[in-house]
Amino acid sequence: MGSYVLRRVLQMIPVFFGSTLLIFLMVYSLPGDPIVALFGDKAADPAQVAALRQKYYLDQPIWKQYLHYMGNLFQGDFGTSFTGRPVSEIMADAFPVTIRLALMAFVFELVVGLTLGVLSGLRRGSVVDTAVLILTLVVISIPVFVLAYIAQTIFATNLGWVTPTVQDSTDLSQLILPAIVLGSLSLAFVARLTRTSIGENLRADYIRTATAKGLPRRTIITRHLLRNSLIPVVTFLGTDLGALMGGAIVTEGIFNVQGIGNVLYRAINQKEGPTVVGIVTVLVIVYLVASLLVDLLYAVLDPRIRYA
Amino acid sequence: MPEATRVRWVLAAATSVALVASGCGSSGGGGSSSSDASKTFSYQSSEPQNPLQPANANEAGGGRIIQNLFKGLVDYDPSNATLRMQVADSIDTSDSQTFNVTLKSGWTFHDGTPVKSSNFVNAWNWAATTTNNQINSSWFSDIQGYKDVHPESGAPTTTTMSGLTVTDDTHFTIKLTTKVSYFEYKLGYIAFSPLPDSFYSDPAGFGQKPVGNGPYQFVSWDHNAQVVTKSYPNYKGVDPAKNGGIVFKMYTTAEAAYADLQSNNLDVMDQVPPSALATYKNDLGDRAIDSPQGAIQNIGFPLYQPDWAGPEKAKVRQGLSMAIDRATITKTVLQGSRAPASAWVAEGVEGYKQGNCGNFCNFDPAQAKQLITEGGGVPGNKLTITYNADGGHKEWVDAVCNSIRQNTGVDCVGDPKVDFKTARAAITGHTVTGAFRTGWVQDYPLNANFLADVYRTGAASNDFGYSSPEFDKLSTQADQADSIQASATGYQQAEAVLQQDMPAIPLWYYRTNSGYSTNVQNVTFDSFGNPAWTQVEVKG
């Protein structure tokens, strides 16, 4: 197990370099010049453009810019945005907000999704099962931004329970509605995955054996059925945590949550290389760690799965 | 976000002296309730793109904050766009080339230090020097010695412009390289704000925590969330604040801001989102705002392309202009958010002359066809209109093309470029072969700004490659006029020349479509599309 973890961690290094290089190349090969764009509608002054290019190291060939960037990164310097703020500071402000939002969405989809999935999986064909199927189908077929606007209209404009947008992004209670919207799509997937998985395993030999042994139904479900049925769900949930963080762009825009999605959206628009590369690099690391955790959880859930 | 990429040129704003006098800190206009001068109101904003330095803000997010924190020699009366003195007591000139500035005494920065001549001169020198990387540095190009601090290439040879001389604490002179009769109007731009002496020790730190001399002082900048300001009690301007301060709340989308406005979580906003244009007057009732802006939308032509260079092609462009049904398009497709243009200068601007486009801005299909035929027709009988697809322009470009197709038989299609930057690169790189959308938002509310900076030979924003000796001559004459009024009249004559050549077709003027919450009153907008900040009253 220990060597497996070590190997997985070592694998993360080339992935890290590869992804940062790719992101870097993509951001810097976008059409348009970020320095000229700073001047907006007005004609850019050539002398000032040249001076600014030099200031932001943009007058160098792309490979030199990458080396320069990586060199700074390893000294803990993520670079500076056009606003004059260190990118590390921008991320330190925005990531906690998005992590909180993503975790709330994650807990929501985990608890509600699993409950719905188990209920409908155990009682296939019942009213509960049909209701869950219809509900999840509706949620899957509606794009997140539509769902967000509907939630905003109903709960804020019509009922007045909440404010239409988040007034204070650090206030957890205000993040509940965006978190529910953000987690709803994944919730539908979790519920359906769990339902199918449970339905299959219910007919498995080991469940029949356990039932024949006369084990109480409660023990059969929690110790045997759930444990085996959760493996595909955990795989999904692991990668989903990363997806929630990246996918927050739309939700954060609509609810005006000042998280990483908002910052990333603006940085891409302004072609702020350091900010975009910095944020995406951190997101890549989140993905890597999440998938590592998933693989480790496999071994816990099913002792037959061995990595040595 | 239709106008997100379009830069807004923001400037100082406040209401007329009459309103100040009648307001007197208590109740505002007719039928309104009492107000509390200590309460703050919130305004829709976006995270500034640059540090908060006056010469470095040229977009709405930073510009509107800077213009409230700083006050220059002059600003523009928000009710009628005319020039009024602020820190300056007088700006005298006898030859439109040397300007003698006298400052009022008693003005102080928010740190308590007095505002002196040197605060202006040093700030301008610092801003103009290339090595300080200020985006608005070219604003100082009229001043003598600019080339020394801002050479076209290489390092500056000095850090001070020879045209600026401090006489004493309240007097200094500005000497320009050529005569610019309306230079005073330029001085209202935020780049000309003074900086306190403390600025130079740490410009970067100042950009995060600015100290100004304006009606509001900086309190805090919670990045990506809000900038908080409070009114400055020792402000000596003609427009002291009738409210306790402004909270600039950052929004990513206008939709989110509008939802907040409707539920009174936001007090005043910029411009309602396009999705709300049809309904906002119903939603907000008498709190809806619909007022003119000093901005115009045009279709430009690449006169540097052989296809469009011939003098006879002017008739084709005049004909195309007459084939566009501006009244219908502004009413239906643009839902009344624009007003049909009849000149190259936007309405509400000093020197605006209605109908200066002549008959060529009137819808007349028969005349349109005839002119196009006389001019030898559109090259290939096909017109493309290049525009940026991220700016909400598709609908009207299609409508203009339909109008042209139906009324003249010329095949017309839109040519979308992925975003503003790409479209600008194509236009400034002279790779466009057909027509393209252009626009102009005033830097200062004077007709010269819409003409000299756009249509003069070699002007920085002359995207058309237009060059008319007659237009240049009349512009130069207007520049040398001995008063701003004479200069404005001179530019009206220059504008009339554009009729003959039609380098760009004026389409329509922008309007401010906005609104405010039930918490505030006395909200009016100026021609920059900004509210008269200091006049907003928060209900008690």
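Is Thr98(A) buried or exposed? Thr98(A) is buried, because its relative accessibility is 0% (buried means under 20% relative accessible area, exposed over 50%, partly exposed in between, with a 1.4 Å probe and protein chains only).

This is a predicted model, in which local features need pLDDT of at least 70 and side-chain atom pairs count only at pLDDT 80 or more, while totals for chains, interfaces and linings use all residues. Residues are numbered from 1 along each chain as its sequence is written, chains are lettered from A and ligands numbered from 1 in the order in which they are written, and side-chain values use heavy atoms, leaving out hydrogens and water.

**Thr98(A) and its helix**

Thr98(A) belongs to helix α5 of chain A (helices are DSSP runs of H or I with at least four residues, numbered from the N terminus). A polar atom of the Thr98(A) side chain lies 2.6 Å from the backbone nitrogen of Ile260(A). Not counting residues up to four places away in sequence, Thr98(A) touches Met245(A), Ala248(A), Glu252(A), Gly259(A), Ile260(A) and Gly261(A) (contact means heavy atoms within 4.5 Å).

| Feature of α5(A) | Value |
|---|---|
| Length, residues 87–122 | 36 residues |
| Span, first C-alpha to last | 50 Å |
| Bend at Ala94(A) | about 30° |

Pro96(A) follows the bend within four residues.

**The second largest pocket**

Ser138(B), Ser141(B), Lys186(B), Asp453(B) and Ala460(B) lie nearest the centre of this pocket, among 41 lining residues. The largest share of the lining, three residues, comes from α15(B).

Methods. Helix = DSSP H or I, 4+ residues; strand = E, 2+ residues; numbered from the N terminus. Expected span 1.5 Å × (residues − 1). Bend = angle between axes of the 7 residues up to and from the residue. Polar contact = N/O pair within 3.5 Å; in protein donor to acceptor, adjacent residues only side chain to side chain. 1 Å grid on protein atoms, 1.4 Å probe; cavity = no way out; pocket = protein on both sides within 12 Å on 5 of 7 lines; lining within 4 Å.
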